[in-house]
Amino acid sequence: MATAARSLHHQGPTPSNPSPHRLPVPSHLRPQRHGCCSRRLAASSSDLTSFPEPDPAPNGVHVPWAAASSVATAAAAAAFDVDAATEAELRENGFRSTRRTKLVCTVGPATCGAAELEALAVGGMNVARVNMCHGDREWHRGVIRAVRRLNDEKGFAVAVMMDTEGSEIHMGDLGGASSAKAEDGEVWTFSVRSSDTSLPDRIIHVNYDGFAEDVKAGDELFVDGGMARFEVIEKLGPDVKCRCTDPGLLLPRANLTIWRDGSVVRERNAMLPTISSKDWIDIDFGIAEGVDFVAISFVKSAEVINHLKSYISARSRGSDIGVIAKIESIDALKNLEEIIRASDGIMVARGDLGAQIPLEQVPSIQKKIVRMCRQLNKPVIVASQLLESMIEYPTPTRAEVADVSEAVRQRADALMLSGESAMGRYPEKALSVLRSVSLRIERWWREEKRHEALELQDVSSSFSDKISEQICNSAAKMANNLGVDAVFVYTKDGYMASLLSRCRPDCPIFAFTSSMSVRRRLNLQWGLIPFRLSESDDMENNLNRTFSLLKARGMVQSGDLVIALSDMLQSIQVMNVP
Ligand SMILES: Nc1ncnc2c1ncn2[C@@H]1O[C@H](COP(=O)(O)OP(=O)(O)OP(=O)(O)O)[C@@H](O)[C@H]1O
Ligand SMILES: CC(=O)C(=O)O
Ligand SMILES: [K+]
Ligand SMILES: [Mg+2]
């Protein structure tokens, strides 16, 4: 592992001893389209200290939570938070119609400004993802802090996910060019020689030292899973000459996959560590900045997830960070179940997955992973190319809408935008397509009463957790049979809320927790509306307080039928809101 690790061009500390030093900041990685975010961030705070009145027509309109009408409510509400976008949705449509599928947006140059981030939050972004493959440290810091500021000042609860670069083989950055076109029959050179200056025409830098050793004449080279294809014709020391067989656009830092006789070549590159030296430094950075999730690229086994989880718990005392395993390699598929069990959530990273296995296998594998995650009670994100054409165009293709619908129908916890929100022309429109398609399919599901035949296996290990699980399974059944308006769950660590989410009940789940970080993490899970509430030990008191706070803000009404659960008491109650 150590030798392989060193052959990637990100030199740094070893995983067991990551040093806090910062990597140099390559200027070519700075975002191009919207320029410097930090400048915008600095200007945004002054106008937010007063709380405007609630907006009566809140769809898509910012409604600060503290807009509650009376002083008394404001004082009581100090111990109570709900996401401003959710509150708007609840008031407009009633809570039965809230969106259950969660939305993750990759932030990039098109969306890193404070105004663009706020527009995404208003549009329903539950999690903001930053990809450590792109952008520099200051840029990432600016985005993470801007999201935090948005949460603090405007009442959102957007979680932040940091996605590691991983030891993937990728091209360099094209010497600053935004793209390069490879034409049919052209000969290009892929070289491990690095160069600080821009490279001559048709020479592409590759970040992995073993590249020339791994390839053979006759191999196929896939750029970004097939955006362009080359055939290896000759090796000359560190240079590999290739002929373009499928013309296409080469983007900076595009991934490279080597294919031989119909399958992916995994030679020395199979030995590369899942978490590279640079990744460990990025993870330290993520811990320091208090991100909510770390997504690990190209996970091969459960071991690395376990290692990372103990690393994080040793380093980040108190604050817990969820570890998401990205399924995007053949090895991950071989060890799927143990990886899911070890992690706090899964991403079906269809981009790279589709470069490692035949494309026609991706849909069935997605379905299998989504199902397995539900069985094992782990949130699952379906990612990549959901609305790819919206990078360029303001409307999606019919095929894309069908793909999004299918992921919602499979009842994945979350859908993710990549390039659509990071560097596309229509980030907000793309998000609104995800939102409206999700709402439509979810409603269809409820109206048709298509309760799936999925028999949930037992998943909890301790006896106490088993009790919670039985309570949740029963509560979800009761909720559907009685047609209740909502299930309330009072939860310390979020586990009971996740067990309820797993049942995918017809009604929404109001999850109350006293922890801000638990609340943000619950934002990734299907059907949960996370609230922060400083709870007392007295359940009766909690309930009465919740009812009056929710009523004061127009989020429930007298007579609404509710099932209330508590993980502390392991209780279940059915009642009408007084
Ligand atoms: N911080 C950023 N700065 C500049 N461009 C970005 C940034 N984040 C994303 N992008 C652009 O958006 C595209 C899609 O983003 P995405 O995060 O899905 O990356 P990716 O490179 O396809 O890799 P991965 O497999 O890690 O998801 C990228 O290829 C890149 O062009
Ligand atoms: C999201 C990601 O990493 C992929 O699709 O490859
Ligand atoms: K990544
Ligand atoms: Mg990937």
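Tutor: Two strands pair if DSSP finds at least two bridges between them. Strands (E, at least two residues) and helices (H or I, at least four) are DSSP runs, numbered from the N terminus. This is a predicted model: local features need pLDDT of at least 70, side-chain atom pairs count only at pLDDT 80 or more, and totals for chains, interfaces and linings use all residues. Residues are numbered from 1 along each chain as its sequence is written, while chains are lettered from A and ligands numbered from 1 in the order in which they are written.

Start with the open sheet. Its 6 strands run in the order β1-β21-β20-β19-β22-β23. The pairing is mixed. From one strand to the next, the twist averages 20° (axes are lines fitted to C-alpha atoms, for helices over the stretch in contact; angles run from 0 to 180 degrees between N-to-C directions). β1 pairs with β21 (residues 528-533) in the antiparallel sense, over 3 bridges. There, V82 has F531 of β21 as its bridge partner.

Now the barrel. It is closed by 8 strands, in the order β2-β3-β4-β14-β15-β16-β17-β18. Here the pairing is parallel. Take β3 (residues 127-131) and β4 (residues 159-163): they pair in the parallel sense over 5 bridges. V130 has its bridge partner, M162, in β4. Helix α6 (residues 137-154) packs on this sheet and touches both β3 and β4 (contact: C-beta atoms, placed from the backbone, within 7 Å). The direction of α6 makes about 175° with that of β3.

Conventions: Two residues are in contact if their C-beta atoms, placed from the backbone, lie within 7 Å.
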